[in-house]
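Subject: Structure handover

Dear colleague,

Please find the structure below. My notes on it follow.

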Amino acid sequence: MAIINMKKGEIQAKIVYYGPGRGGKTTNLEYIYNRFRARIKTEMVTIKTHGDRTLFFDFLPIEIGKIKGFNIRIQLYTVPGQVKYDATRKLVLRGVDGIVFVADSLAVRRKENVLSLKNLSDNLAPHKKSLSDLPVVLQYNKRDLAEEGIPLLPKDVLEKDLNHELKAPSFEASALKGPNVVQTMKKIIVMTIDSLQRELA
Ligand SMILES: Nc1nc2c(ncn2[C@@H]2O[C@H](COP(=O)(O)OP(=O)(O)OP(=O)(O)O)[C@@H](O)[C@H]2O)c(=O)[nH]1
Ligand SMILES: [Mg+2]
């Protein structure tokens, strides 16, 4: 839940990285953590099973300085993408202010992306939220694999499958190598702060 302290001029917002298992949510946070290590005062909290899969969530708090006079603190979370952890995903969405949907660009993961987006929509409902009223950014991840000749979903197919109704900003990215990881994060932060400030006005 956003915490807005007018006296201190401080806004704290929660952004959740959602998407199918193995899509690259944890890798996004790891990239951000390594890139901004000098400015991040706390350790990244991450709970993994032996196979590197997220068991509960990852958590990375970052301070990004001032936007429009407010000191902004952001909490980045990931959910566990594996289908069986649905109760945890629902829990992590509690109080969410903005969402990055990390889609897997692998051609073989087409169905999983669609199902995960549907699952996100279903899991927002108990929190009385919906994709249409939350700030959302789509990230089409693993674009680097094209160079290795691995079949990827073309951007227009991903747009048609996932962004036809939403019409959210989208980025082709590589959480592993870095392209568009920071841009994705910056976009969702700006959209989330804008939306919180509109609520305040
Ligand atoms: N080539 C490539 N591999 C990636 C990329 N992003 C993630 N991976 C790999 O994909 C695997 C899964 O990445 P994770 O970040 O653990 O995926 P996740 O979405 O957190 O998965 P869950 O925690 O199970 O939901 C790892 O082996 C990553 O190194 C990418 O952009 N390119
Ligand atoms: Mg993970």
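The expected span of a helix is 1.5 Å times one less than its number of residues; helices (H or I, at least four residues) and strands (E, at least two) are DSSP runs, numbered from the N terminus. This is a predicted model, in which local features need pLDDT of at least 70 and side-chain atom pairs pLDDT 80 or more, while totals for chains, interfaces and linings use all residues. Residues are numbered from 1 along each chain as written, chains are lettered from A and ligands numbered from 1 in written order, and side-chain values use heavy atoms, without hydrogens or water.

Helix 5 (residues 181-200) has 20 residues and should span 28 Å; its end C-alpha atoms are 29 Å apart, which agrees. Its buried residues (under 20% relative accessible area, 1.4 Å probe, protein chains only) include Val181, Met185, Ile188, Thr192 and Leu196.

Thr26 belongs to helix 1 and Thr54 to strand 4 (residues 54-67), 28 residues apart in the chain. Thr26 is buried at 11% relative accessible area, and Thr54 is buried at 9%.

Helix 1 (residues 25-35) also gives the largest share of the lining of the largest pocket, four residues.

Regards

Conventions: Buried < 20%, exposed > 50% of the residue type's maximum accessible area, 1.4 Å probe, protein only.
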